[in-house]
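Subject: Structure for your review

Dear colleague,

Please find below the structure that I am handing over to you. After it, I set out what was found.

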Amino acid sequence: MRQMKHSSRLRRGALGTALAATAALVTLPAAQAPAAAAETPLSQGRTATASTAESAGTPASGAVDGDTGTRWSSAASDDQWLQVDLGATASVTRVVLNWEAAYGRDYKIQFSGNGSGWTDARTVTGSDGGVDTVDVSGQARYVRMQGLDRATEWGYSLWEFQVFGTTGSNPPASCGTANAAQGRPASASSTENAGTPASAAFDGDAGTRWSSQAADPQWVRVDLGAVRDLCGVDLSWEAAYGKDFRIEASTDGQNWNTLKSVTGATGGRASYEVSGSGRYVRVLGTARGTGYGYSLWEVAVHTTSDDGGTGPIEGGGDLGPNVIVVDPSTPNLQQKFDQVFAQQESNQFGSGRYQFLLKPGAYNNINAQLGFYTSVSGLGLNPDDVQINGDITVDAGWFNGNATQNFWRSAENLAINPVNGTDRWAVAQAAPFRRIHVKGGLNLAPNGYGWASGGYIADSKIDGTVGPYSQQQWYTRDSSVGGWTNGVWNMTFTGVQGAPASNFETGPYTTFDTTPISREKPFLYLDGNQYKVFVPAKRTNARGVSWPANAGGTSLPLDRFYVVKPGATAATINAALDQGLNLLFTPGVYHLDRTIEVDRANTVVLGLGLATIIPDNGVDAMHVADVDGVRLAGFLIDAGPVKSDTLLRIGEPGSAADHAANPTTMQDVFIRIGGAGPGRATDSVVVNSDDVIIDHTWIWRADHGEGVGWETNRADYGLRVNGDDVLTTGLFVEHFNKYDVFWSGERGRTIFFQNEKAYDAPNEAAITHDGIVGYAAYKVADSVNVHEAWALGSYCNYTSDDTIVQHHGFQVPVKPGIKMRNLQVISLGGKGQYRHVINDTGAPTSGTDTVPSKVTQFP
């Protein structure tokens, strides 16, 4: 290994000491001239994240924006890091670190292919700041500076973190001569008059122009249609020019990176070399050169000519063969529903996936029976735009009247006028009923009132009475009901008009007037003939449905989505994300040979027809960066036979950014380990980001089906929450080998939890730890000071050894800030028992009569 020399600022004594101590394994930065201006850092303008940020003014992005006047700085402690996603695997040759006064004395440069497992590329000791150039060699998509020892009392602070190399085996791309901005949609902060619109600066006509009002600052921007690698911008100013301005790029039109800062310009024509990527390009004027506004005849944007021979991935397109789009005049519509139901009624672990989309209008004499992996949704902006004079039915004839396995189906965004006055929706877990107007009653039990174990309703209006009857548990949020009759163990309501009063001490009800924080699931709809996805806004202290006002929501056209169809590869999916596209998974099963990386704020990942993602060869299925406002909704992650570390991870370890204003949401995202075949994972879902909202999930280690056994489909943990201020509403987690839920973040809240312990625990010894028999269904770590939870139930059904006595269902530290309310444990038919409800509190269960043991308040 070639030893590297430091810049002339290095203290020679430190160099000798470092080399003697570390020999050839630890190296120092080389003294090299800065990279030539023509060489573009692979890192510039890319997504950067960090362990911490000292303040909002020193974010991770400040170190990769090409602007030496902005920086990233960390909290004042060691073991801090900054990493950048290059967007694709690259051959990395060197890393240049331009330190601010608060520099790292000792640090590592690390490589990763997936942002999770890291290898050391170089270890640097004895740096004295300034500019460090570190020679490295290897393949990486992610490159990280891992701090080991600070040189000052402050944190680590970098003006710029630059990664150089080449992507793949291709030579560096050349800058194209075509104008990628011509004719593209444009907007501006203001216009002088109707004759000088923003579009005139991008129309290719040197005789038309954009001009702004006479004020600072002002901007004009263009949408290139997809994220492109940018290399040049040409400006042709009218007499009213910008003296000081910035050329900026963005992948989402909200968060901007500086490509070029210009001061003291004199107008006329000017061309600027830039490097970075973005879908949106903006000229932001900060100081005018005249007393008038800003005025541009033309703005031309140039991109690299090397696009891998394929060009950008196009958004939009058709929705694939398993999306059945119908209108009221569709011939043989009842037959279409019947054909899919005949195939899917009992197809619990098959590969069929179907989505019915109903265009606005009235549908008469329809009974849409829904089997497994079948979803039906209206395409109106509001539920009443699609009127079904008939029924949407889920029953349990296929399972002899037992509805406890009616999983994985959904109905959304339509109105039902039931034929006999009451619709039947006899479902179990993972079967959401969202944004529905039932013009009558709703029966949640199967014909004959057999067993049922559900369920979830949100943003729905039921004019008549809801009858759960045999349903063991149910959570209803932000809705209205004409009435609610009975229930078995745990019926929970938040923000539901017409809900029954709380009576948990003597009955099944836990009721709150409002939901503290909620945001409805994104949904597909038709605007005229154009598909769009509506993304609802966050609500606080909500009560009742969000429609028809839909206040504060936004609409995204389908061309902003990569429409994923069966056969799509993880490489293509990630490339689409890198271009700035959202994802719409059409019904199907998707095998992945690498992790899906969702790195951009406000990305929507939406599934239709229970689209199913299976990670192969032990990779993780999906990682979400520690960014604002990602929406994950409507898909199933199915563990592969080779053990994954984590199936779904939200936020990198150590994430600490504040997302309270725009949280990431996980809605109707379901996890399955085993059942369709052997599947294994250590962690199912890990939440590292703060402020995440989990609104209805079923995280399930299979107790039946194929590939089921204590070690065959082993998965230790269902949900692990490390982030602070995380809220779960409608949390279903079952059968994990260790803890079903393990919560170590502060100020977490759960409203409604349903759990069964693992049926197949072979004996007490297999689940004994720390002198305790059985892992709690819901454990709050001893380090946590503030946590609240309401309406929690854990049930045991130890079929392999029914003599097991689980010590407790819930385990929490006893502190003033820990508040647990309305808890119960239940032995299902005497197959095992609980000694206590929570910690050492609560009466034991006994016998075979499934009588709950309750604790209404702890401590």
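In what follows, two residues are in contact when heavy atoms lie within 4.5 Å. Please keep in mind that this is a predicted model.

I begin with helix α2. This helix spans residues 333-344, 12 residues in total. From its first C-alpha to its last, α2 reaches 17 Å, which is close to the 16 Å expected at 1.5 Å a residue. Buried residues in α2 are L333, F337, V340, F341 and Q344. Because these residues cover an arc of only 100° around the axis, they are on the same side of α2. The buried residues of the helix pack against four named strands: β15 (323-326), β16 (354-358), β17 (361-369) and β18 (374-378).

Why look for cavities with a probe? Rolling a probe the size of a water molecule over the atoms shows where empty space is left. In this model the count comes to 6 cavities of 30 Å³ or more. The largest cavity holds about 200 Å³ of space. It is lined by 22 residues, and those closest to its centre are Q355, S377, E412, K521 and G607. Sorted by class, the lining of the largest cavity has 11 nonpolar, 8 polar and 3 charged residues.

A cis peptide bond joins W547 and P548, with omega at about 5°. P548 lies in the loop between β32 (538-542) and β33 (554-557). Another cis peptide bond joins F858 and P859, where omega is about -5°. P859 is in the segment after β57 (853-858).

N400 lies in the loop between β19 (386-393) and β20 (409-416). Is N400 buried or exposed? N400 counts as exposed because its relative accessibility is 76%, and the cut-off for exposed is over 50%. Y449, for its part, is in the loop between β23 (441-443) and β24 (456-458).

Yours sincerely,
A colleague

Notes
Residues are numbered from 1 along each chain as its sequence is written. This is a predicted model: local features need pLDDT of at least 70, side-chain atom pairs count only at pLDDT 80 or more; totals for chains, interfaces and linings use all residues. Side-chain values use heavy atoms; hydrogens and water are left out. Helices (H or I, at least four residues) and strands (E, at least two) are DSSP runs, numbered from the N terminus. The expected span of a helix is 1.5 Å times one less than its number of residues. Buried means under 20% relative accessible area, exposed over 50%, partly exposed in between (1.4 Å probe, protein chains only). The arc is that of the directions from the helix axis to the C-beta atoms. On a 1 Å grid over the protein atoms alone, a cavity is a set of points where a 1.4 Å probe fits but cannot get out, and a pocket is an open set with protein on both sides within 12 Å along at least five of seven lines; lining residues have an atom within 4 Å of a point. Grid points are joined across faces, edges and corners, and a volume is the space filled by probe spheres set on the points. Ala, Val, Leu, Ile, Met, Phe, Trp, Tyr, Cys and Pro count as nonpolar, Asp, Glu, Lys and Arg as charged, and the others, Gly among them, as polar.
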